[in-house]
Amino acid sequence: MTVKRYGIIVCYECKRAWGIDLLQKTAKCLICSKRYSVARRKIFYRTSDLRELRLDIAKIQEKLIK
Ligand SMILES: [Zn+2]
């Protein structure tokens with residue numbers, strides 16, 4: 001059993017999607033530095049695979065821009 005410890009959250013300030021380690025309590029947006037509580041944020045995607053995570057960040061980001 002692998003733990004799906006990575007997830008994607010979206011910053012509501014700047015509409016950026018980024019990947020986080022779900023074991024963290026807080027996550028900071030790389031663009032606007034807004035801090036989010038991981039537990040209270042919607043997690044868009046969960047995976048144990050970092051490579052997969054990156055691909056999905058790109059997909060989610062694409063949807064947000066449109
Ligand atoms: Zn942001």
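In what order do the three strands of the open sheet stand? The order is S2-S1-S5, with antiparallel pairing, where strands are DSSP runs of E of at least two residues, numbered from the N terminus, and two strands pair if DSSP finds at least two bridges between them. Strand S2 (17-21) and strand S5 (45-47) are at the edges with a single partner strand each, so one side of each lacks a neighbour in the sheet. This is a predicted model, in which local features need pLDDT of at least 70 and side-chain atom pairs count only at pLDDT 80 or more, while totals for chains, interfaces and linings use all residues. Residues are numbered from 1 along each chain as its sequence is written.

S1 is joined to S2 by five bridges, with Gly7 opposite Ile20 and Val10 opposite Ala17. These two strands form a hairpin with six residues between them, and Lys15 in the turn has a positive phi of about 60 degrees. Towards S5 there are three bridges from S1, and there Gly7 has Arg46 as its bridge partner.

Five of the five residues of S1 are buried, so this strand is largely enclosed by the rest of the structure; buried means that 20 or more other C-beta atoms, placed from the backbone, lie within 10 Å of a residue's own. Tyr6, Ile8 and Val10 cover one face, and Gly7 and Ile9 the other.

The largest nonpolar core has eight residues, including Cys11, Ala27 and Leu53, and its largest share, four residues, comes from strand S1 (residues 6-10). Such a core is a set of buried Ala, Val, Leu, Ile, Met, Phe, Trp, Tyr and Cys residues joined through C-beta atoms within 7 Å.

Conventions: A residue is buried if 20 or more other C-beta atoms lie within 10 Å of its own, exposed if 12 or fewer, and partly exposed in between; C-beta atoms are placed from the backbone.
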